Amino acid sequence: MKKLGFLLITLTVLACSCSNTKDSRIHMREGVGSDTLGSNIVTRPVTHAFSALIGEGLEVTEAVTRRNDAGMLELYVTGFNKSYDTKRFRYKVQWLDADGLPVDTKTSTWLPMSATGKTTFSFKVVAPRTNAVDFRMDTRKWE
Amino acid sequence: MKTKIVNIIMLTALVVAGCSGPETTNIDIMNDEGKAVMALDYRDFDQAASKLIQSMIGSGALKKEGGGRYVVATGRIVNDTMQRIDTDQLMVKVETEMLNSGQAVMTSAIGSGADELLHETRELRDSDEFDQETTAQKKTLIAPELTISGKIFQRNIRYDRNRQQVEYYFQLKLSDVKSGLRFWQDEVLVGKRGSDKSVAW
């Protein structure tokens with residue numbers, strides 16, 4: 001019964017610390033910021049195991065394109081790593097012309113990217129041709 | 001007797017199977033899931049070239065004021081690694097994309113990408129064997145406005161007792177011929193960590 005009480009108190013304290021207003025642009029890593037459910041020594045094994053069990057991974061939250069001053073299409077991809085582990089992956093962008101046909105370019109190759117646990121990641125890709133108007137992106141695990 | 005024959009057949013089959021070794025396969029270069037190697041392979045060059053091209057084209061350094069295309073000469077690309085590398089493995093990709101971007105034309109008149117025949121064919125001006133109207137006239141070559149040069153170098157670091165870390169740096173810079181000003185430069189790092197028994201040269 002005492003143990004249960006202690007656990008409840010710990011969870012309440014952690015919940016309170018989590019509820020503080022945070023600037024989402026700043027990420028405080030484990031051991032730097034205050035403990036959270038995912039970083040606390042007591043709750044960490046459970047939360048990490050649960051995260052792994054439900055297979056949390058990366059999520060792309062935004063993909064924005066814009067044309068730069070040189071007339072080239074730029075793609076900005078932003079996402080979030082929902083997992084507690086660092087996720088390493090590769091991505092490949094294929095550019096499409098106005099007819100929806102692929103633009104043949106040497107830059108369409110698998111490029112490495114890495115996102116640490118519970119953080120936002122972003123990267124930029126530039127089309128090397130002016131006739132690119134759209135894109136297709138593929139991802140795969142970093143071997 | 002019968003058992004002996006069976007034994008011989010089985011032994012022969014085993015020897016043949018043992019001698020055949022790993023099967024030769026073509027690499028799926030579109031989706032190569034092969035293991036990384038300590039030396040530089042084509043995937044590293046693809047990655048470095050892609051990042052450098054995107055950086056250069058994205059920077060707007062090739063956008064000529066008033067329109068038109070820059071004439072670019074390829075300068076020296078130094079191979080300062082312990083490997084025997086043909087730097088064209090990087091530069092052909094970069095030059096191809098510069099050409100295809102519609103913002104630059106490469107010159108074969110001078111630089112490391114020079115074509116000797118351009119100069120040899122000019123010696124035909126004095127030859128009676130050639131129709132002089134078909135030979136290249138004087139003052140027809142276009143001088144470069146920009147040069148692109150760079151370096152690939154390697155650092156080997158002992159990581160721990162059994163592992164080494166090899167860092168490969170790909171550096172390129174784009175300079176204006178008239179002013180000498182550098183319009184763009186960038187560096188791509190490809191790092192590898194592995195057994196110190198692996199040879200990175």
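Q: Among contacts in chain B between residues at least 6 apart in sequence, what share join residues at least 24 apart?
A: Two residues are in contact if their C-beta atoms, placed from the backbone, lie within 7 Å. In chain B, 67% of the contacts between residues at least 6 apart in sequence join residues at least 24 apart. This is a predicted model, where local features need pLDDT of at least 70, side-chain atom pairs count only at pLDDT 80 or more, and totals for chains, interfaces and linings use all residues. Residues are numbered from 1 along each chain as its sequence is written, while chains are lettered from A and ligands numbered from 1 in the order in which they are written.

Q: How many helices and strands does chain B have?
A: Chain B has four helices and five strands, in the order α-α-β-α-β-α-β-β-β along the sequence. These are DSSP runs numbered from the N terminus: helices are H or I with at least four residues, strands E with at least two.

Q: Which residues of α3(B) are buried?
A: An α-helix has 3.6 residues a turn, so residues three or four places apart point the same way. In α3(B), the buried residues (20 or more other C-beta atoms within 10 Å of their own, with C-beta atoms placed from the backbone) are B:L90, B:M91, B:K93, B:V94, B:E97 and B:M98. Seen down the helix axis, the buried residues of α3(B) fall within an arc of 160° (taken from the directions from the axis to the C-beta atoms), so they line one face.

Q: What covers these buried residues of α3(B)?
A: Their cover includes α2, β1 (70–80), β2 (104–106), β3 (146–158) and β4 (163–176) of chain B. After α3(B) comes B:G102, with a positive phi near 80°.

Q: Where does chain B touch chain A?
A: In total, 20 residues of chain B are in contact with 16 of chain A. On the chain B side, α2 (42–59) and α3 (88–100) each supply at least two residues; α2(B) gives the largest share, eight residues. This side of chain B divides into four nonpolar (Ala, Val, Leu, Ile, Met, Phe, Trp, Tyr, Cys, Pro), six charged (Asp, Glu, Lys, Arg) and ten polar residues (the others, Gly among them).

Key. Buried ≥ 20, exposed ≤ 12 C-beta atoms within 10 Å, placed from the backbone.
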